[in-house]
Amino acid sequence: MDSSVQDAENNTGLVQNSVFLDRNFGQWGPTKPSKLTIQNNLVNSNFHLDYEIDKYGAGNLVGASTAFVDAANNDYQLTSSSVLIGAGIASSDLFDIKGTTRPTPAGSKPDIGPYENALDKPDLIFAPYFATQTSPHCCYHGSVDMFDADNDGIDEVSYIARTDDNDGDIVKLFDASDSTSTTLHEDWTQYSFAKPLDINQDGYLDVVIGNSSKTAYLINNGSGVFAAPTKEYSDNGIDWESAQKMVWGDITGDGRVDGVIGDWSGITIYEYLSDGPRVSSKQLNNINNEWLGDFNNAFVADINGDTKTDLDLRAKMEWSKPSARSLRLFTGRWRSCL
């Protein structure tokens with residue numbers, strides 16, 4: 001059945017460590033601001049609230065994978081890969097529905113749902129990313145990347161989100177170890193990309209941010225703390241459409257990761273150096289005296305296993321047949337011809 005909570009002046013409500021799959025949840029009542037707290041729940045159903053869910057509390061997993069043992073047959077015990085393990089919050093509940101001590105193991109965080117798993121965290125190689133502690137406009141457009149920002153052996157997720165009022169963009173960092181998001185940069189209205197790159201070659205991944213008119217560097221101190229930009233570079237900005245086509249690799253062979261964009265006129269290489277970004281002098285429209293032609297995009301990969309970055313192009317075969325495509329491969333040896 002559906003559920004509803006009355007939000008009245010003399011009432012307080014608490015909804016936590018619960019699973020909502022296919023039933024509606026509603027809030028009703030005149031109290032403003034709300035006295036209802038909603039925290040650390042799995043929300044895969046419709047919530048009818050006066051405000052966005054993150055205004056009521058933290059730790060809610062919106063649209064997360066469940067990984068129940070057999071939900072089709074009503075077995076809602078958690079498999080070892082369930083992200084609900086350790087995602088709850090301490091409460092007065094000392095036991096789960098089967099009498100297992102909560103939390104298990106002792107000293108850990110409880111699980112979300114009626115059953116407590118024996119693990120303190122999911123046994124995952126790759127943890128699924130889900131929206132949490134963000135506005136409903138979280139990933140309206142993304143630039144999502146995973147990297148170990150604080151060098152603890154666990155990858156964080158950098159992404160571009162929409163602001164709570166949906167009036168602009170914000171660059172955020174999601175920490176899967178505790179399901180929290182922190183703001184990396186919010187001074188610009190619009191961002192087209194946010195890319196982890198080691199700008200100062202100190203072994204720690206920094207974050208390059210850019211939009212159509214400027215670029216800036218967020219330098220990592222090695223523990224996941226990113227300094228505000230000391231300078232904004234107004235040259236060589238990348239608009240949103242171009243950023244979606246950009247691929248990354250050491251195309252110039254200098255040990256640094258470059259941004260590569262391909263279009264009908266050739267390939268443009270963006271180098272991100274410690275003194276600012278620049279369009280590489282190795283901008284290409286032919287290789288080995290062969291005109292690259294008209295193509296959709298460029299891709300980079302080590303195709304032949306020689307540890308050098310190779311260039312892949314999906315090009316039109318001829319002007320009279322624009323729908324025909326051919327894949328052209330240029331190995332890392334082409335650098336010597338630039």
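Which residues does F226 touch, not counting residues up to four places away in sequence? The views below come from a predicted model, and the first one takes up that question.

**View 1. F226 and its contacts.** Leaving aside residues up to four places away in sequence, F226 touches F147, A149, L173, L184, L205, D206, V207, L218, I219 and N220. F226 also belongs to the largest nonpolar core, a set of 14 residues. Along with V171, L184, V207 and I209, F226 is one of those that touch the most other members of this core. As background, nonpolar side chains in soluble globular proteins tend to be buried together.

View 2. Look for F193 with its bridge partner in β16, G210.

**View 3. The hairpin of β21 and β22.** Two residues sit between β21 and β22 in this hairpin. Strand β21 covers residues 266-273 and β22 covers residues 276-279, and they pair in the antiparallel sense over four bridges. Y270 stands opposite V279 in β22.

**View 4. A three-stranded open sheet.** The strands come in the order β3-β6-β8, with parallel pairing. Because β3 (19-20) and β8 (61-62) stand at the edges with a single partner strand each, one side of each is left without a neighbour in the sheet. Two bridges join β6 (residues 42-43) to β8, and L42 has L61 in β8 as its bridge partner.

View 5. Across the protein chain the pLDDT averages 79, and 75% of the residues score at least 70. Over residues 127-139, though, the pLDDT is below 50; this stretch still has 47 contacts in the model beyond near neighbours in sequence. Residues 323-338 also stay under 50 in pLDDT, and for them the model has 51 contacts beyond four places in sequence.

Definitions and conventions
Residues are numbered from 1 along each chain as its sequence is written. This is a predicted model: local features need pLDDT of at least 70, side-chain atom pairs count only at pLDDT 80 or more; totals for chains, interfaces and linings use all residues. Side-chain values use heavy atoms; hydrogens and water are left out. pLDDT is the predictor's confidence in each residue, from 0 to 100. Contact means heavy atoms within 4.5 Å. Two strands pair if DSSP finds at least two bridges between them. A nonpolar core is a set of buried Ala, Val, Leu, Ile, Met, Phe, Trp, Tyr and Cys residues joined through side-chain atoms within 4.5 Å. Buried means under 20% relative accessible area, exposed over 50%, partly exposed in between (1.4 Å probe, protein chains only).
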